[in-house]
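Please walk through this model one piece at a time, with the structure open beside the text.

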Amino acid sequence: MSRSVLDARAFHDEAAAYRWVESRVWPEGPICPHCGGTDHISPMKGKSTRIGTYKCYQCRKPFTVKIGTIFEASHVPMRLWLQAMFLMCSSKKGISSNQLHRTLGVTLKRLGLCRTASDWRCTPLASRRWAGTVGPSR
Ligand SMILES: [Zn+2]
């Protein structure tokens with residue numbers, strides 16, 4: 001029996017979701033967004049440490065893969081972000097913001113993608129690029 005793409009661990013496990021994003025953003029390993037350092041970086045493993053937090057021992061600052069990305073200002077779990085991105089990109093005709101809300105229980109506004117959910121038309125990225133309307137319409 002074949003597995004569904006929706007069974008992917010990154011869609012259900014927060015640590016796996018971070019690992020998936022990290023492997024795309026940092027294919028060669030973590031890069032400190034504060035000083036650009038790539039050496040002397042370790043994952044922080046304290047009980048109260050948030051998932052995906054690293055410490056750079058060159059500048060002594062903590063960071064996650066979210067810094068400098070569209071995920072930075074969002075408090076939505078990474079696994080939910082990946083589910084939303086999958087739904088937005090997997091349909092030829094895109095997905096409406098209302099359908100996304102009904103399916104995932106999260107609005108585009110909560111994801112931090114736009115000021116109001118109606119600002120964003122969820123069309124496939126390629127279509128938006130050809131139409132010259134990449135990003136939220138204002
Ligand atoms: Zn640093």
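In this predicted model, helix H1 and helix H2 are oblique to each other. H1 covers residues 14-25, and H2 covers residues 78-90. Their axes come within 8 Å and cross at roughly 60 degrees.

Which residues make the contact between H1 and H2? From H1 come Glu-14, Ala-17, Tyr-18, Trp-20 and Val-21. From H2 come Met-78, Arg-79 and Leu-82. Six of these residues are nonpolar and two are charged.

The axes of H2 and H3 come within 11 Å and cross at roughly 135 degrees. H2 and H3 are therefore oblique to each other as well. The crossing of H2 past H3 is right-handed. On the H2 side, the contact is made by Leu-80, Gln-83, Ala-84 and Leu-87. On the H3 side, Leu-100, Thr-103 and Leu-104 take part. Sorted by class, the contact of H2 with H3 holds five nonpolar and two polar residues, and no charged ones.

Take a closer look at Thr-103. This residue sits in helix H3. Is Thr-103 buried or exposed? Thr-103 has 12 other C-beta atoms within 10 Å, so it counts as exposed. Its C-alpha atom is separated from that of Gln-83 by 9.8 Å. Along the chain, Thr-103 and Gln-83 are 20 residues apart.

Now move on to Gly-105. Helix H3 spans 97-104 and helix H4 spans 108-111, and Gly-105 lies in the loop between them. Gly-105 counts as exposed because it has 9 C-beta neighbours inside 10 Å. What is the C-alpha separation of Gly-105 and Leu-80? It is 9.5 Å, for two residues 25 positions apart along the chain.

Another loop residue is Val-76. Its place is in the loop between S3 and H2. Val-76 has 15 C-beta neighbours inside 10 Å, so it counts as partly exposed. Leaving aside neighbours within four places in sequence, which residues does Val-76 contact? They are Trp-81, Val-106, Arg-110 and Leu-111. For Leu-111, the C-alpha to C-alpha distance from Val-76 is 6.2 Å. In sequence, Val-76 and Leu-111 are 35 residues apart.

Next comes the sheet. Three strands form an open sheet, in the order S1-S2-S3. The pairing is antiparallel. Strands of a sheet pair through backbone hydrogen bonds, either parallel or antiparallel. Which strands stand at the edges? They are S1, residues 41-43, and S3, residues 62-63. Each has a single partner strand, so one side of each is left without a neighbour in the sheet. Strand S2, residues 54-56, pairs with S3 over two bridges in the antiparallel sense. Tyr-54 stands opposite Phe-63 in S3.

Most residues other than glycine have a negative phi. His-40 is not a glycine, yet its phi is positive, at about 55 degrees. His-40 is found in the loop between H1 and S1. It counts as exposed because it has 12 C-beta neighbours inside 10 Å. Arg-60 also has a positive phi in a residue other than glycine, with a value near 70 degrees. The loop between S2 and S3 holds Arg-60. With 10 other C-beta atoms within 10 Å, Arg-60 is therefore exposed.

Finally, step back to the whole chain. How many helices and strands does the protein chain have? There are five helices and three strands. Along the sequence, they follow the pattern α-β-β-β-α-α-α-α. The protein chain has 138 residues, and 17% of them count as buried. Consider the contacts with a separation of 6 or more: residues 24 or more positions apart account for 45% of them.

Conventions. Residues numbered from 1 in each chain as written. Predicted model: local features only at pLDDT ≥ 70, side-chain atom pairs only at ≥ 80, totals over all residues. Axes fitted to C-alpha atoms, helices over the stretch in contact; angles between N-to-C directions. Helix = DSSP H or I, 4+ residues; strand = E, 2+ residues; numbered from the N terminus. Parallel < 35°, antiparallel > 145°, perpendicular 65-115°, else oblique. Contact = placed C-beta atoms within 7 Å. Nonpolar A, V, L, I, M, F, W, Y, C, P; charged D, E, K, R; others polar. Buried ≥ 20, exposed ≤ 12 C-beta atoms within 10 Å, placed from the backbone. Pairing = 2+ DSSP bridges. Left-handed = near helix turned anticlockwise from the far one by under 90°.
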